[in-house]
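The sequence and structure come next.

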Amino acid sequence: MSAASVLIVGGGIIGLSSAFEAASRGFAVTVLERGEFGGQASGAAAGMLAPYSENGEGPDAFFRLCLESLRLYPEWVSRVEYASGRKVEWLRTGSLHAALHEADLLPLRTREAWQRRFGAVEYADGDALRGLEPALHGRAIAALYCPEESHVHAPKLVSALEQACRNLGVRLVPRAGEVAALDADGQGVRVATSAAGAYAADAAVWCAGAWSGTHEALLGIPVPVHPIRGQICAYETPPVDVRHMVFSSQAYWVRKADGSLVCGASEDVSGFDRSVTEAGIGRLVRWSGRMFPSLAGTVPDRRWAGLRPATLDGWPLLGPLPGRSRIFAATGHYRNGILLSPVTAAAVGEWLGEGGGSAPARLAPFAPDRFVRLGNAEAAR
């Protein structure tokens, strides 16, 4: 199959990253976005690039994919900034994953043991921990320090990607509304929208985020993606100097280049409701005071929420759809859409470069039909 033109369905961080990669490879690209570009999870994210801190179960395929993407970031950010003429505030601050109780120390040591095989991870306690992060409450008795982890200003990255796509000639279609129809055969793909008409191309990449689950009938395959509301707050001029990204079991804190301190994320299932609740933000405020005494009693200046596209196992759906080889799924990235943007875009580029054939081998654990196959296997037992 030859694919010279590409439709990207969804204009969040994954859709824009995929469009940027495809356009960089010379494809004619059109991006269809139901609302505004980066208006959902992408623009609301804290922008953490933290595979060690956020994926601590073991060196599984998901951790390895996240780590691969983290290590693509330096060159990828340079490409985005060069193509857009904008800075995205990528900061390699390092991170601390803090333990607050004696019972947390063994899991911390276990995590350290396997993570040391992949990079520089250090166990810090006592004076070493206070030297790294003096503002931490004394209840933090130890932490894993990872100097490789970093963060980016998510809204600025989304804006830069949008501009880079424009500069490369990508056709961007905002406010396209819902996907009303999909036709795909051996000749190409045609997508009709409720507000912007119909578009056709040789291939399509499905990046509809939290809305992907509503497209099951169109795609012809179960798409177990559902929205998880993530609530976040920020202190514009916090009375504390936080030097690293700091993670606890209950929240995280990230100091941005403008001096603001972002705290997140309270999560709950609320359908497509993006409103902010006192309960959700209140928990973050309480934990901010517990981790950083200087923040006790301080009211955050901003609060917002985004909808994260979660799957049943927390891993994204990456790969061509079975029976519809001209459509590549790139959705369900949950908490890691910002982190996984470079590696997802690279996978899309590889797929397109091979004429829309099979997915790269390393994506096998993330196949879009894996839940169908698992269900069939269990039914056969």
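Helices (H or I, at least four residues) and strands (E, at least two) are DSSP runs, numbered from the N terminus.

## Basis

The model is predicted: local features need pLDDT of at least 70, side-chain atom pairs count only at pLDDT 80 or more, and totals for chains, interfaces and linings use all residues. Residues are numbered from 1 along each chain as its sequence is written, and side-chain values use heavy atoms, without hydrogens and water.

## Largest cavity

A cavity is a set of points on a 1 Å grid over the protein atoms alone where a 1.4 Å probe fits but cannot get out; lining residues have an atom within 4 Å of a point. Points are joined across faces, edges and corners, and a volume is the space filled by probe spheres set on them.

The whole structure holds 3 cavities of 30 Å³ or more. The largest has a volume of about 650 Å³. Its lining has 48 residues, with Gln40, Ala41, Ser42, Gly209 and Pro309 nearest the centre. Strand β17 contributes most to this lining, with 4 residues.

## Second largest cavity

This cavity has a volume of about 60 Å³. Its lining residues include Trp206, Leu219, Leu317 and Pro368. Elements giving two or more residues to this lining are β18 (317–321) and β19.

## Buried helix residues

Buried means under 20% relative accessible area (1.4 Å probe, protein chains only). In α5 (residues 105–115), Leu105, Leu108, Arg111, Glu112, Trp114 and Gln115 are buried.

Ser341 lies in α10 (residues 341–353). Ser341 is buried, at 0% relative accessible area. Contact means heavy atoms within 4.5 Å. Beyond residues up to four places away in sequence, Ser341 touches Ile13, Ile14, Ser17, Ser69 and Trp76.

Conventions
Buried < 20%, exposed > 50% of the residue type's maximum accessible area, 1.4 Å probe, protein only. 1 Å grid on protein atoms, 1.4 Å probe; cavity = no way out; pocket = protein on both sides within 12 Å on 5 of 7 lines; lining within 4 Å.
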